[in-house]
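I opened the coordinates and kept a notebook while going through them. The entries follow in the order in which I looked things up.

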Amino acid sequence: MKKIVATLMLITLIGLVFSTAQAKTFRWAFQGDAQSLDPHSLNETFTLGLLGNVYEGLVRRDADLKIIPALAAEWQVVEPTRWRFKLRQGVTFHNGNKFNADDVLFSYGRAKMEGSDLTKCMATVKEVLKVDEYTVDFVTTTANPILTAEWSSCYIMDKEWSESNGAGSPTSVTEGKENHATRHANGTGPFVVVSRETDVKTVLKPNKHWWDTAQHNLTEVIFTPIGSDATRVAALLSGEIDMMYPVPVQDIQRVNSNEGTSAMLGPELRTIFLGMDQARDELLYSNVKGKNPFKDVRVREAFMLGINIEAIKKKVMRNLSAPAALMISPSLFTHSGQFSRPAYNPDRAKELLADAGYPEGFEVGMDCPNNRYVNDEKICQAVVAMLAKVGVKVNLLAQPKAQYFAKVLRPKWDTSFYLLGWTPGSFDSWNVLYNILGGPSEDGRGKFNLTGYSNARVDELTDKILVTTDAAKRDEMIREAYQITVDEHAYLPLHQQGLAWSKKDSVSLKQRADNQFMIYHVNLN
Amino acid sequence: MAAFIIRRLFQSLIVMFFVAFVAFTMFRYVGDPVNQMVGIDTSLVQREALRERLGLNDPFIMQFGRFVLKALSGDFGISYQHKRPVTEMLLERFPATLELSLVSAIFSLLVGIPMGVYTGLHRYGWLSRFFMMFSLIGISLPTFLIGILLIFLFAVQLQWLPSFGRGTVIEIGGWRTGFLTISGLKALIMPAITLGLFQLTLIMRLVRAEMLEVLLTDYIKFARARGLSNKAIHFGHALKNTMVPVITITGLQIGSILAFAIITETVFQWPGMGLMFLQSIQNVDIPIMAAYLMMIAFFFVLINLVVDLLYYVVDPRLRVDAVKAHG
C-alpha cells in the first residue's frame, strides 16, 4: 500500500514538474484596474481593452487598428440606412452556449438601457432586426458610413446567461445591489476569466474553443494593477512581471538600461490641446474687463506662436510626443500632411498682441488637470513660462481630474483657458468636428467644445461628412473644415502624447496606437 | 459603572455623528463623482440623469440624512466605481490591513524595546550611537521614501523579496490570510518594516528615556546595594517600570498605524482598506470614503473607550468620584 501511495505521489510530482515546464504564465500590470467586467458599465479605454480579451463584438480592430470581422463574418450595406450582418456560425460562449442573432439583439438592446455607458453603440441606429438565426439587420436613422467604426468595443453577451443570472440590464448604482456581470464574464473571446479580485488580481486562461486560431503561446495570464509608478517600474526591473504600462517618461531610460527589459514607444491617438473661451463677452478670469481678448483672432494666433512646442517635447515630454498641427492624430486623417504647425516666433506673437491692443499683454487664468494626461501639469507650467515671455501673465490652477473636470465641463463650464485631451472614439474626423470643433448647441453638438467656437460653415460640412459615403469627397470636406479652424486658430493643438509600454525582452507583443492591450498577440520565449 | 459606560457610548455616538457630518461637508469639494463614472463621450443629458438618480442634486441635509439612516442599519450603499456593496468590500479588505498592522506593531515592539534597553544601559557605546542615528533616520524619512528604498534594494537589486502585493493568500472562512504561505510571508516583510519603522524608533527612544530615568531612582540604587545581579536589576526591576508608558503609547499608536497604512499600502500595492480609500478619493467614490472614515472614527472611539474603561478600573479615585456624584 505504502509503495502505491509513494508511486502515485511520484507520478503527480513528475506531472507537476512537467506541467510547470510547459506552463507559459504571462504576468502584467497597469496603473489601475478595469472598473467592472460588465461590458456596458464604462466607456473607458482600459476597461474596454481588458474586456476585449474576453468579449468580442461583431467587428474588431487588428494591430494596425483596421476594422476586421469578428463575430460578424461579413456585412454589406443593403440600402443606405440598412446594414446586413452575416454572423459567424459555430461560435460558442465560454459556458458552452451557442452564439446567434438573439445574443446580438440582446446585447445591443442592453447597450442603450439605463445604466449603460455605451449608448454610442446605438448612435444613429433606429432598430435592430433578426432576419434569421445568423443574420441581423441594423436600420439607421440616416446614412452612416462609419457605423462600424465605434463597434469594436460593443461586445456581445450571452442572452441566456445574462438573463438567468439577473444581469439582463447593466449594473445601476442606484439599485443598491451587485450585478452578476460585474465580476463574472462569459464572452466568446480568446481568454476566459478564471478568477477576479477587483484591484488585486485577475487571472485569465486561454479559451480552448475559440473560433479563431490563437497566435499566442500562453497557458495563463495574471493581471495585477500597481498604482504607484515607482513600484510598477520596480516590479518589471526585478522580473516579477513580464510587461507593464504606462512607463513614467522619466523612467524610460532606466527600463532600457536595465538588462533584459526595454520600453516600447509609439505615438498615441490622443491629441492634447489648449482651448480659449471665445464665447463670453468678458472672460471669467482676466484683468481685461468689458471685452474678451480671445475673440480677437490675433490674440489666439499670438498664443500659438508664443508656445515653443519643440521645447515642451524635449524638456517636458522627453521626446515622447509628436507636435500637432491639427486637432486629430495625423494617422487618423489621410490629408493631414497638408497641414503644418507654424514655427515658434515670440517676436511676432508680441507684435500680434500689440496690434490687438495689448502691447503690455494681459492676465488670464488657466485650468489644468494634474493626473489625467502624461505630464499634464508640467506642460501647463511650461506654457505659463513661455507666454510670460510674450507678456501674457497666466495664473495656473492645476487640480486632480476629479475637481478639474467638474469645474471646466458643462454645466459648470467655469474656465477661460484650459488644457484637454481628446481621442475620437471612432478614429474618425467626424467625431472631432462634431464634439470639439462644432458650435455648442442643445442637440449635443460641441458638447466638449468649451471654447464656444462656432463656425456655420464647419457645422454644415460636419453634417455632410456624417452622411457622405464617397471617401474622396468626404476627405475633401474634412480637409476644408480643418482648414477653416486652423486659419481661425479655433484651438491651440499641442501634441499627440506618446505611448510608453515596457516589457521583458523575452516577450513579444503588438502595441496598438489606441493604447488597448490585446493579450492574444503575446508570445513568451 | 454601567452608567459610565452608557454615558461614554452615547458620547461616542455623538462623535461619530460629527465625523460623518464633517466628512459629508468635505465631499462637496472633492469633485464630481459623475465625471468619474462615465466615459468622456457620455452626453450632458445622460450625466444629468445619472446625477439625479444618485440623488446628488438633493439638498445637503437630505443626502446626509439618507446616509445616516442607512448607516444606522449597517448599509453604506454601493460603490460608484465598483458597483458593489461597500460593506462587503471593506470586510474583504480588512484582513490585509489588520495583518499588516499587527505584524508591524509586533515588529516595532520586538525590535524597539531591546534597542531602547541597550541604548539606555550603554549610553556611550558605539552601537548605541549607531542605533540613535538610525532612529533619527526612521523618524525623519517619510514612509513612502523608505518603502521605495526598500523596494529598490531588496526587490530590484537583490531580488529577495517581492515588490508588490500579498503573495499567495489562503482563504479560511472568508478571512484571506497571507500567514500560511511562504510567498505571503515574504510579501509581508517590507511593508511591515516600512509601516513599523516610525513606531520602532518612537518606542526605542521612549524606552531609552524611561530606562535612563528609572536607573537613577532610589529603589534601583537600593537594589544594587543589596547586591542583586545586573540582569535582575535591569530586566526585573527597571524594564518593568518603563513598560507602563510604552503600553499606553502603543495602544494610542494603533490609530496612527492604520493612518500610515494608507501610504504603505499604496507604495506596495497592498490590497488593504487604505489602498482602497486612496483610490476612492481619486475617483470621488463617496460611499467608500464615507464608510471608511466612519469605520476609522469607530476604531478611534473604541480605542479611547477601552482606554477610559481601563483607567476606571485602574484608578480608584475615578470610582470614588463617581460614587460621590451619585451619592
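**Entry 1: a helix in chain A.** I started with helix α9 of chain A, residues 346-355, where A349(A), L352(A) and L353(A) are buried. I take buried as under 20% relative accessible area, exposed as over 50%, and partly exposed as in between (1.4 Å probe, protein chains only). Helices (H or I, at least four residues) and strands (E, at least two) are DSSP runs, numbered from the N terminus. I looked down the axis of α9(A): the buried residues fall within an arc of 100°, so they line one face of the helix. The arc is taken over the directions from the helix axis to the C-beta atoms. I then asked what those residues pack against. The partner is α7 (297-306) of chain A. After α9(A) comes G357(A), with a positive phi near 100°.

**Entry 2: ground rules.** I noted that this is a predicted model, with local features needing pLDDT of at least 70, side-chain atom pairs counting only at pLDDT 80 or more, and totals for chains, interfaces and linings using all residues. Residues are numbered from 1 along each chain as its sequence is written, chains are lettered from A and ligands numbered from 1 in the order in which they are written, and side-chain values use heavy atoms, with hydrogens and water left out.

**Entry 3: the A/B interface.** I counted residues in contact, meaning heavy atoms within 4.5 Å. Chain B gives 50 residues and chain A gives 48 residues. The two chains bury about 4200 Å² between them, 55% of it on carbon and sulfur atoms. Buried area here is the accessible area (1.4 Å probe) that two parts lose on being put together, summed over both.

Next I listed polar contacts. The rule wants a pair of N or O atoms within 3.5 Å; within protein, one must be able to donate a hydrogen and the other to accept it, and residues adjacent in sequence count only if both atoms are side-chain atoms. Across the interface I get 10 residue pairs, both residues at pLDDT 80 or more. On the chain B side, the elements giving two or more residues are α2 (33-37), α3 (44-54), α5 (86-121), α7 (143-157), α10 (230-267) and α11 (273-282). The largest share, seven residues, comes from α3(B). By class, that side has 22 nonpolar, 17 polar and 11 charged residues. Nonpolar covers Ala, Val, Leu, Ile, Met, Phe, Trp, Tyr, Cys and Pro; charged covers Asp, Glu, Lys and Arg; the others, Gly among them, are polar.

**Entry 4: salt bridges.** My criterion is a side-chain nitrogen of Lys or Arg within 4 Å of a carboxyl oxygen of Asp or Glu. R93(B) lies in helix α5 of chain B and D199(A) in the loop between β8 (191-197) and β9 (201-206) of chain A, so the pair joins two chains. Both residues are buried.

Within chain A, D463(A) and R445(A) meet at 2.7 Å, N to O. This pair links distant parts of the chain: D463(A) is in helix α13 (residues 456-467), R445(A) in the loop between α12 (429-435) and α13, 18 residues apart. D463(A) is partly exposed at 39%. R445(A) counts as buried at 10%. Salt bridges that share partners also join E79(A), R82(A), R84(A) and D137(A) into one network. In it, E79(A) and R82(A) meet at 3.9 Å, N to O. E79(A) is partly exposed, at 40%. R82(A) is partly exposed too, at 23%.

**Entry 5: T224(A).** I found T224(A) in strand β10 (residues 220-225) of chain A. Is T224(A) buried or exposed? It is buried, with a relative accessible area of 11%. Not counting residues up to four places away in sequence, T224(A) touches W28(A), A29(A), F30(A), V200(A) and F164(B).

**Entry 6: chain B.** I logged 13 helices and two strands for chain B. Its C-alpha trace spans about 85 × 70 × 35 Å along the principal axes. Of its 327 residues, 47% count as buried. One of the places I checked was A223(B), in helix α9 (residues 218-225) of chain B. A223(B) is buried at 5% relative accessible area.
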